[in-house]
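Q: I'd like to learn how to read salt bridges in a structure. Could you walk me through some cases?

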Amino acid sequence: MTSQFAYDSVSSLQEMQRLGEIIRQCFGGSPDDWDRYLNRIGAENFRVLRQGERAIAGLGIYHMGQWYGGKILSMAGIAAVGVPPEDRGRGIAYELLSHAIQELYNLGVPISVLYPATQVLYRKVGYEQGGSFCRWELSAASIWLQERNLPIYPVSPINYTIFEDIYNQQAQVNNGNLVRHRAIWERVLEPPKEEVIYAYLIGSESEPEGYIIFTQNREKQESAIEIRDWAILTASAAKRLWTFLGDHRSQIGKISWRSSPFDPFMLLLPEQTAKIVDRMNWMLRIIDVPSALSKRGYPMGLEAELHLEVRDNLLAANNSKFCLRVSEGRGEVTKGGKGTFQIDIRSLASLYTGFLTPQQLQLLDRLKAMQEDLETARLIFSGSHPWMADFF
């Protein structure tokens, strides 16, 4: 099958137009939407699969970062995986993704993340559930905080560089949060049709403690605030933001935002009135096992050693034994070892992010290990539940 196809960067304007047609048919959107998407990600970050001279599939790659254990790892976000309907059912998407994963390995990228339209395909190439994407809703009338000690002031003109440092300070303590690609920021700040983006900073102008970016819209007979992004660095900023949102109650019915399924700032609300209205799990693939394990952060004060035997049917270099030694919050990986902690590449993804514990994976027959190794792995990969607020 491999000899029938060629995987490559987009080679011409005509081929880029063909890729745009494929993506629009698969995901909807206008030619203007495609042009905007292309410009944001960059033409150099799209790949096509050809049969002969004809492009029959394609995808886009976001090169960005992701936080784990307080450390940044280079991460490739896979998006817009498209195969036209007349070419489906022949293993083309698998071929496309297999080539993309090999390319990322050759580039030295340790991990890759995507949002699945179907899990079956992505599991075939080694992706597994790694974290959560949740949308919450809350009635504005249920927020009765009266905390106005910090100033809050509008930002104009709005530029993402104003918020980037605050965002990164929050992101570094949350497993799975992105080091955002410019395209992600531009999407946050792009107003929907006939809506206005509002942005505010909280705290002093020299050292702000948070921000909020939102739109106001009307859904059916109810007005709503959609929080497109926010970051909160202190309890005072959180209380001030909830108060600010509650002050909209005379005109706003509900408020929505994206967060973790275990959002700590909800503890400040008087009642458990916020509800998750949409949730899906993104998927992660370990591209380079030694690199991913050595570059992740680990709990300080933990001295531990784990002997893994990893099974990866796609990337031969990962299909081996590795010894992970953790000390002073850092990991060191050497090839070889006892191989007493046996796990496949998909299950390693869920363990790596902290999405599932080793005990849960063992219950699902996804790994084999003695009780002592299970407890060691639990400590090594402990941390906050992995999540992100960004969809790509």
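A: Take Asp 8 and Arg 50, whose side chains form a salt bridge with N to O at 3.8 Å. The term stands for a side-chain nitrogen of Lys or Arg within 4 Å of a carboxyl oxygen of Asp or Glu. This is a predicted model, where local features need pLDDT of at least 70 and side-chain atom pairs count only at pLDDT 80 or more, while totals for chains, interfaces and linings use all residues. Residues are numbered from 1 along each chain as its sequence is written, and side-chain values use heavy atoms, leaving out hydrogens and water.

Q: Which parts does the pair of Asp 8 and Arg 50 tie together?

A: Asp 8 sits in strand 1 (residues 5-9) and Arg 50 in strand 2 (residues 46-51), so the bridge links parts 42 residues apart in sequence. Strands (E, at least two residues) and helices (H or I, at least four) are DSSP runs, numbered from the N terminus.

Q: Is Arg 50 buried or exposed?

A: Buried means under 20% relative accessible area, exposed over 50%, and partly exposed in between (1.4 Å probe, protein chains only). Arg 50 is buried at 12%, and Asp 8 is partly exposed at 38%.

Q: How are Arg 36 and Asp 33 separated in helix 2?

A: They are three residues apart in helix 2 (residues 31-41), which means about one helical turn.

Q: What about Arg 90 and Asp 87?

A: Their closest N and O atoms are 3.1 Å apart, forming a salt bridge. Asp 87 is buried at 6%, while Arg 90 is partly exposed at 35%.

Q: How many salt bridges does the rule give?

A: The count is 24.
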